[in-house]
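Thanks for coming, everyone. I have a few minutes and one structure to walk you through. Please have the viewer open.

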2 protein chains.
Amino acid sequence: MKNFKPYYAVIFTSTQTEDTKGYTKMAEKMEALAKQQKGYLGIESAKNKVGITVSYWESLKAIKNWKANTEHLFAQQKGREQWYNWYNVRICKVEREYEFKLD
Amino acid sequence: MKNFKPYYAVIFTSTQTEDTKGYTKMAEKMEALAKQQKGYLGIESAKNKVGITVSYWESLKAIKNWKANTEHLFAQQKGREQWYNWYNVRICKVEREYEFKLD
């Protein structure tokens, strides 16, 4: 844990409506766009009944900028109007981390 | 955001080996056991290529206790020996949260 530099995670959990038209394309577009943002560190996604997407960022400012990105704002609006019946966003400070890799 | 009380999230991301024998049963057992722990707040899981499980806790102490739980230690060991070829654990402080619900 020496020299561990805290960073931030956005935990986005959601359930979708039945109207998935255009969703996959938009999700791919937003992921590609997120990767271009300043302070972006990574993203992980999985979806069954609930969808979980966790994105990682250098700072709260980077998260704020991404949230306010014009194309992202449009996608958020579309999400509320069409794709999601529920979502939750948690802004988190990553304080510790450890990893296991099989030899 | 008034009166928001910070709590903790453990982001567990993983990829599995091909040897999944006993995994589902153990995962269910561990989820049931986690729910009985002091300071447990909730859990969310999804799995495709990567598995993401996020559990929520009142305090770092609750997380530490859960990590050190005897049955959980056994499951962790089995996970490293058999089920996972990679995993990552991030301990996070949830600082802000917002929710959307369709009317």
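Start in helix α1 of chain B, residues 23–35. B:Lys35 and B:Glu31 sit 4 residues apart there, so about one helical turn separates them. Keep in mind that this is a predicted model.

What do the side chains of B:Lys35 and B:Glu31 do? They meet in a salt bridge, 3.3 Å from N to O. In general, side chains of opposite charge can pair when their charged atoms come close.

B:Lys35 is partly exposed, with a relative accessible area of 46%. B:Glu31 also counts as partly exposed, at 31%.

Now turn to chain A. A:Lys35 forms a salt bridge with A:Glu31, and the closest N and O atoms are 3.3 Å apart. Both residues lie in helix α1 of chain A, residues 23–35. They are 4 residues apart, about one turn of the helix. A:Lys35 is partly exposed at 47% relative accessibility. A:Glu31 is partly exposed too, with a relative accessible area of 29%.

Next, a pair that crosses between chains. B:Arg90 forms a salt bridge with A:Glu97. Their closest N and O atoms are 3.4 Å apart. B:Arg90 lies in strand β4 of chain B, and A:Glu97 lies in strand β4 of chain A, so the pair joins two chains. In each chain that strand covers residues 84–101.

Is B:Arg90 buried or exposed? B:Arg90 is buried, with a relative accessible area of 9%. There is also a third partner here. A:Glu44, A:Glu97 and B:Arg90 are linked in a network of salt bridges. Over all chains, the structure holds 8 salt bridges.

Let's step back and look at chain A as a whole. How many helices and strands does chain A have? It has 3 helices and 4 strands. Read along the sequence, the pattern is β-α-β-β-α-α-β. The C-alpha atoms of chain A fill a box of roughly 45 × 30 × 20 Å along the principal axes.

Chain A has 103 residues, and 46% of them count as buried. Take the contacts in chain A between residues at least 6 apart in sequence. Of those, 75% join residues at least 24 apart. Chain A exposes about 6,300 Å², and carbon and sulfur atoms supply 51% of that area.

On to charge. Chain A has 18 positive and 12 negative side chains. The centres of the two sets lie 6 Å apart.

Which residues form a positive surface patch? They are A:Lys38, A:Lys61, A:Lys64, A:Lys67 and B:Arg96. Helix α2 of chain A, residues 60–68, gives the most to this patch, with 3 residues. B:Arg96 comes from strand β4 of chain B. At 42% relative accessibility, B:Arg96 counts as partly exposed. Patch residues need over 30% relative accessible area, so B:Arg96 clears that cut-off.

Now some residues from the helices. Find A:Leu33 in helix α1 of chain A. A:Leu33 is buried, with a relative accessible area of 12%. What does A:Leu33 touch, leaving out residues up to four places away in sequence? The answer is A:Trp66, A:Asn69 and A:Glu71. Look at A:Asn69 again. A:Leu33 and A:Asn69 are 36 residues apart along the chain, yet their C-alpha atoms are separated by 9.5 Å.

Over in chain B, go to helix α3, residues 70–83. B:His72 lies there. It counts as buried, at 15% relative accessibility. Leaving out residues up to four places away in sequence, B:His72 touches B:Met30, B:Trp66 and B:Lys67.

One last stop. B:Asn65 is placed in helix α2 of chain B, residues 60–68. B:Asn65 counts as partly exposed, at 43% relative accessibility. B:Asn65 and B:Val89 are 24 residues apart in sequence. In space they are 15 Å apart, C-alpha to C-alpha.

To recap: a salt bridge joins B:Lys35 and B:Glu31, another joins A:Lys35 and A:Glu31, and B:Arg90 pairs with A:Glu97. That's my tour.

Notes: Residues are numbered from 1 along each chain as its sequence is written. Chains are lettered from A and ligands numbered from 1 in the order in which they are written. This is a predicted model: local features need pLDDT of at least 70, side-chain atom pairs count only at pLDDT 80 or more; totals for chains, interfaces and linings use all residues. Side-chain values use heavy atoms; hydrogens and water are left out. Buried means under 20% relative accessible area, exposed over 50%, partly exposed in between (1.4 Å probe, protein chains only). Contact means heavy atoms within 4.5 Å. Accessible areas come from the Shrake-Rupley method with a 1.4 Å probe; for residues, only the protein chains shown count as cover. Lys and Arg count as positive and Asp and Glu as negative; His and the chain ends are not counted. The place of a charge is taken as NZ of Lys, CZ of Arg, CG of Asp or CD of Glu. A salt bridge is a side-chain nitrogen of Lys or Arg within 4 Å of a carboxyl oxygen of Asp or Glu. Patches are made of residues with over 30% relative accessible area and no salt bridge: like charges are joined within 9 Å, nonpolar side chains (Val, Leu, Ile, Met, Phe, Trp, Tyr) within 5 Å.
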